[in-house]
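Subject: Model with ligand, for you to look at

Hi,

Here is the structure I promised to pass on. Please open it first, and then read my notes on the ligand site and the backbone below.

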Amino acid sequence: MTTNKPTAAYYLDTVLAHAGSDPKNFHGFVNPPVVHASTVLFPDVETMTGGGQRYTYGRRGTPTSDALEDALRQMEGAKGVKLANSGLNAIALACLSCLGQGDHILIADTAYGPTRHFADTVLPKYGIEVEYYDPALGAGIRSLFKTNTKAVFTEAPGSLTFEMQDIRAIADAAKTIGATVLMDNTWASPLFCKPLELGVDLSIQAGTKYIVGHSDTMLGTIAASEKAWPALDALHGAMGVHVAPDDIYLALRGLRTLSVRLERHMRSALDIAGWLETRDEVSRVHYPALESDPGHALWKRDFTGACGLFAFDFKPGTTQEQSSAFFNALKLFGLGYSWGGFESLAIPVHLKGARTATAPDSSVVSGRLHIGLEDPRDLKADLEAGFKAAFG
Ligand SMILES: *Cc1c(COP(=O)(O)O)cnc(C)c1O
């Protein structure tokens, strides 16, 4: 256990530099050991059966997992944090921890695609009713509550289309019926949004993205409120979830530079998003940090920053062929899934079948960009070459 942990008395950047570090207990080494473990020995039968020893078995936690969980617990202001094998695994565990047979869950229509896939293919098998809602509902979500509504899943801004949600209003409404509120907070990271302060019970991160930050590890995290913690802790143990120590170490290593990386991602993304707004080839940029964005007021109220991920719509009349020519011409923006690493990425956005409670305009051709740590002048030149390839 860490003993010299920074407290809430420190600013977040200080917490990032020190949380989960316990040199006094590890011979002065600044970083925690990467403990590879299954078996843990007990000194005697009394200790073995008495339940007092902190570490009992590799699957049940190590100094390595404690270090990352402790750092995240402080950042999120949570009762406890559990690690998962991927962001999607964290979403699945969080949902299962608060749902049972006969329950009803409301999921934002703009939730990450694989979240919907999990909800559609797994939850019904266990007698759980899944319903999608318009992310713009806010307090109006009340009208969708049923006697068996046990959970409300939020994600802000939404995947691919970046709509903000009024998380506070949704959480207040959910509280009146005792439903658990979940939030996929991957976009803002725990640095720019504190879901538990907004009334969320289970705050989920695809640590794969900005926490790891180097596109080389898959990891998920779930931070729980006092209310949600016992069920999450129990399910996590019962399911036998275990994250490899080397991966945990890479996430903790990434965490140390989260703030400086995100500051640059945000600055460059604001620069490029603003520049795209002035381009004839672009009709709209979807990025809540822009004043022109319909979600800007909510973003300003609840978030303290923005990451490097946003979408844009090509000008009306753009064809799929022109869109492909644009993406194929990019040299610095890699064509690939995921985001949150040091490098820039781009994907064409296809919303066909991705929404069921809302109806996005299917004639709009869009793309999503992750602005990495390259010089934004080079990135703009790359995008400009893409526009040239698409539109001449
Ligand atoms: C990538 C992502 C996930 C899933 O994370 P993995 O580690 O890839 O499983 C969940 N939510 C959002 C918003 C994501 O972008």
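Helices (H or I, at least four residues) and strands (E, at least two) are DSSP runs, numbered from the N terminus. This is a predicted model, in which local features need pLDDT of at least 70 and side-chain atom pairs count only at pLDDT 80 or more, while totals for chains, interfaces and linings use all residues. Residues are numbered from 1 along each chain as its sequence is written, and side-chain values use heavy atoms, with hydrogens and water left out.

Let me begin with the ligand. It is surrounded by 14 residues, of which Gly 87, Leu 88, Asp 184, Thr 208 and Lys 209 are the closest; a residue is near a molecule if one of its heavy atoms lies within 4 Å of it. Helix α4 (residues 87-98) gives the largest share of this shell, 3 residues. By class, the shell holds 6 nonpolar, 5 polar and 3 charged residues. Here Ala, Val, Leu, Ile, Met, Phe, Trp, Tyr, Cys and Pro count as nonpolar, Asp, Glu, Lys and Arg as charged, and the others, Gly among them, as polar.

Next, the polar contacts (pairs of N or O atoms within 3.5 Å). A polar side-chain atom of Asp 184 is 2.6 Å from a nitrogen atom of the ligand. Gly 87 uses a backbone N or O atom, 2.8 Å from a ligand oxygen, and an N or O atom in the side chain of Lys 209 lies 2.6 Å from an oxygen atom of the ligand. On its own the ligand has 380 Å² of accessible area, and the protein covers 91% of that (Shrake-Rupley method, 1.4 Å probe).

Which space does the ligand take? It takes the largest pocket, with more than half of its atoms within 2 Å of the grid points. A pocket is an open set of points on a 1 Å grid over the protein atoms alone, where a 1.4 Å probe fits, with protein on both sides within 12 Å along at least five of seven lines; lining residues have an atom within 4 Å of a point. The volume is about 790 Å³, as filled by probe spheres set on the points. Among the 38 lining residues, Tyr 112, Gly 113, Pro 114, Ser 159 and Arg 368 are closest to the pocket's centre. The largest share of the lining, 4 residues, comes from α5.

Finally, the backbone: Ala 156 and Pro 157 are joined by a cis peptide bond, with omega about -10°. Pro 157 sits in the loop between β4 (149-155) and α6 (167-176).

Best wishes

Note on methods. Polar contact = N/O pair within 3.5 Å; in protein donor to acceptor, adjacent residues only side chain to side chain.
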